[in-house]
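Colleague: I would like to learn how to read cross-links and charge pairs in a model. Please take me through them one at a time.

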Amino acid sequence: MMKRQQRGAYMVMMAILIVILIGIAALAIDVGRVLMMRTDMQNAADAAALAAAAELNSDNNAQDRARAAARDLLEHDARFARVTELLGATGLPDGAFDFFCVIGSETDVKPSDPGFSDFCSGAEVEPGKYAATSDVDAHYVRVTLDPTLVGDGDRFTSDLIFLPVLGALGIDTAETASAV
């Protein structure tokens with residue numbers, strides 16, 4: 001009679017353990033997905049910046065061509081968001097692009113060098129970085145993927161597996177979901 005009671009206790013412990021293990025597995029998958037998507041987004045932003053920089057040749061409309069090249073590259077990358085296309089119909093706004101004439105690299109003209117104002121007429125916007133004021137002095141570009149710029153949080157949101165597991169356990173996931 002004692003063995004039957006022990007067997008029942010093991011079944012209860014195993015049921016609890018299985019639920020815990022499923023939750024841990026879901027959390028591990030979600031963390032892996034988030035890290036992978038973050039890397040994918042960084043790679044996409046880097047590729048967009050390189051595509052944009054390739055268009056900066058001091059000709060007329062260089063900045064417009066740079067924006068178009070970056071938007072075209074990003075428009076087809078949909079691996080890391082709920083929305084099937086990262087940019088959709090709205091496109092990446094102009095505020096996502098920062099053009100610089102000097103960024104403080106070793107090969108840049110130094111602000112103390114004679115003729116610096118001919119090379120770069122922009123003001124210092126960050127330490128060592130001077131904003132480009134025209135297509136002629138735009139030599140560098142930074143592309144920022146930010147949901148506040150796009151205006152649609154779903155473009156940078158991915159559904160997770162762990163949140164439904166928490167919901168099944170009776171834990172309120174509404175506050176947790178908004179933080180993701």
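**Disulfide and salt bridges**

Modeller: In this predicted model, cysteine 101 and cysteine 120 form a disulfide, with their sulfur atoms 1.7 Å apart. The pair links distant parts of the chain, 19 residues apart: cysteine 101 is in strand β1 (residues 97–102), and cysteine 120 is in the loop between α3 (116–119) and β2 (124–126).

Colleague: Is cysteine 101 buried or exposed?

Modeller: Buried means under 20% relative accessible area. Cysteine 101 has 0% relative accessibility, so it counts as buried. Cysteine 120, at 2%, also counts as buried.

Colleague: How many salt bridges does the structure hold?

Modeller: Side chains of opposite charge can pair when their charged atoms come close. The structure holds seven salt bridges. One of them joins aspartate 98 and arginine 142, whose closest N and O atoms are 3.2 Å apart. Aspartate 98 lies in strand β1 and arginine 142 in strand β4 (residues 140–143), so the pair ties together parts 44 residues apart in sequence.

Colleague: Which glutamate does arginine 142 meet in a salt bridge?

Modeller: Glutamate 126, at 2.6 Å from N to O. That glutamate is in strand β2, 16 residues from arginine 142. Arginine 142 is partly exposed at 29% relative accessibility, and glutamate 126 is partly exposed at 26%.

Colleague: Which residues are linked in a network of salt bridges?

Modeller: Asp64, Arg67, Arg71 and Asp94. Separately, arginine 65 forms a salt bridge with glutamate 55, the closest N and O atoms being 3.3 Å apart. Arginine 65 is in helix α2 (residues 62–75), and glutamate 55 is in the loop between α1 (2–53) and α2.

How values were computed: Residues numbered from 1 in each chain as written. Predicted model: local features only at pLDDT ≥ 70, side-chain atom pairs only at ≥ 80, totals over all residues. Heavy atoms only, no water. Disulfide = S-S within 2.5 Å. Helix = DSSP H or I, 4+ residues; strand = E, 2+ residues; numbered from the N terminus. Buried < 20%, exposed > 50% of the residue type's maximum accessible area, 1.4 Å probe, protein only. Salt bridge = Lys/Arg side-chain N within 4 Å of Asp/Glu carboxyl O.
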